[in-house]
Amino acid sequence: MSYRKRSKSDVDYINAILKEGTFRKAADSLYISQPALSQYIERIENEFGIQLFNRNVKPVTLTEEGRIFLETEKKIESLRRVRKTYFENLNNLETGKIRIGTNQCRTVTLLAEPIRNFVKDFPNIQIELIETPAPEISKKILNGDIELGITLDTFMLPDVDSRLLKREKLLLATPQEEKWKNLASPVDFSLFEHEYFILLNRGVMLHDAFYELCEKHKVFPKVLLETESITTVLELVSMGLGCGLVPNTLIEMHKVVPRPFFFSLDPDVISNNVHVVWNKHQYLSKGARKIIDYLVEYHQNTPSMSIMNSENEI
């Protein structure tokens with residue numbers, strides 16, 4: 001077999017084609033010419049005697065042979081990373097990269113401070129945060145795409161190990177308006193039937209939680225807008241545009257003025273156990289183990305704040 005010298009891997013090139021849907025767009029995203037990309041793929045196909053792509057459909061798709069090839073290459077890359085990490089640690093090197101799967105909400109509420117402390121103590125270790133929906137974290141870890149992830153216990157697969165970071169409670173946030181001033185927690189969600197709500201985008205747990213509440217109470221408030229940012233939800237509530245659902249961890253970490261009112265909901269409304277997770281069957285670098293310690297220690301030593309609305313405490 002011939003050796004293909006390259007700065008990017010086979011996985012990088014194939015993923016680019018799948019993401020962009022055409023060879024031309026993939027070549028543009030990789031900053032190479034389309035003929036160069038086509039020749040690269042053809043060399044792989046000739047080397048293994050296979051066809052990677054169905055080229056007669058748009059967007060192009062993988063053949064079954066292509067799917068097996070890509071899955072195998074991902075496993076090979078993952079094993080190479082494990083090998084590299086093992087020997088770096090054997091030589092006591094405090095360098096390398098740790099890839100953490102998380103989402104914007106968890107980055108803001110749970111990762112920012114402990115990672116800042118970690119980077120200060122270990123400046124030569126690079127942290128890469130990879131935006132990933134919580135339900136997909138465990139799968140990405142087992143596929144070798146990331147070393148660590150922040151997810152909920154309900155999304156954890158059997159082959160991941162974990163440590164608890166935080167018990168997270170869902171709160172209802174309202175603008176600081178007179179009509180909510182004397183409302184006591186827990187509140188009845190049906191009181192908000194005629195209010196506007198600001199939601200996170202579809203596919204996020206807090207988005208689904210809103211509609212579960214609506215279904216349970218048989219009320220359907222108006223949705224003013226949806227956003228990908230949990231901090232935007234809180235800031236727009238503060239500005240008086242509507243109500244929103246937010247985790248108590250966000251309130252502790254992200255201060256807004258004027259401060260919204262926050263109310264707990266009935267006891268069976270979603271509360272989450274948030275964990276840091278990793279592959280229990282794969283070697284974990286010293287850096288990854290150390291950042292787990294930083295995360296757990298920080299959150300164990302940072303008690304949850306009391307959430308006050310006037311004289312009322314949640």
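## Tyr31 and the end of helix 2

Tyr31 sits in the loop between helix 2 and helix 3. Helices here are DSSP runs of H or I with at least four residues, strands are runs of E with at least two, and both are numbered from the N terminus. This is a predicted model, in which local features need pLDDT of at least 70 and side-chain atom pairs count only at pLDDT 80 or more, while totals for chains, interfaces and linings use all residues. Residues are numbered from 1 along each chain as its sequence is written, and side-chain values use heavy atoms, with hydrogens and water left out.

Most residues other than glycine have a negative phi, and most peptide bonds are trans. Tyr31 is exposed because its relative accessible area is 78%. Exposed means over 50% relative accessible area, buried under 20%, and partly exposed in between, with a 1.4 Å probe and protein chains only.

The axes of helix 1 and helix 2 come within 8 Å and cross at roughly 125 degrees. Helix 1 is therefore oblique to helix 2. The crossing is right-handed. On helix 1, the contact is made by Asp12, Tyr13, Ala16, Ile17 and Glu20; on helix 2, by Phe23, Lys25, Ala26, Ser29 and Leu30. Contact means heavy atoms within 4.5 Å.

Axes are lines fitted to C-alpha atoms, for helices over the stretch in contact, and angles run from 0 to 180 degrees between N-to-C directions. Angles under 35 degrees count as roughly parallel, over 145 as roughly antiparallel, 65 to 115 as roughly perpendicular, and the rest as oblique. A crossing is right-handed if the near helix is turned clockwise from the far one by less than a right angle, and left-handed if anticlockwise.

## Helix 5 against helix 10

Helix 5 (residues 104-121) packs on helix 10 (residues 286-300) at an angle of about 125 degrees. Their axes are 9 Å apart. The two helices are therefore oblique to each other, and their crossing is right-handed.

## His275 in strand 11

His275 belongs to strand 11 (residues 271-279). It counts as buried because its relative accessibility is 12%. Its side chain makes a polar contact of 3.5 Å with that of Ser162. A polar contact is a pair of N or O atoms within 3.5 Å; within protein, one must be able to donate a hydrogen and the other to accept it, and residues adjacent in sequence count only if both atoms are side-chain atoms. Neighbours within four places aside, His275 also contacts residues including Thr151, Asp153, Met156 and Arg163.

## Backbone features in other loops

Lys218 has a positive phi near 60 degrees. It lies in the loop between helix 7 (205-217) and strand 8 (222-227). Lys218 counts as exposed, at 56% relative accessibility.

A cis peptide bond joins Ser185 and Pro186, with omega about -5 degrees. Pro186 is in the loop between strand 6 (160-174) and strand 7 (196-200). Val257 and Pro258 are also joined by a cis peptide bond, with omega about -5 degrees.
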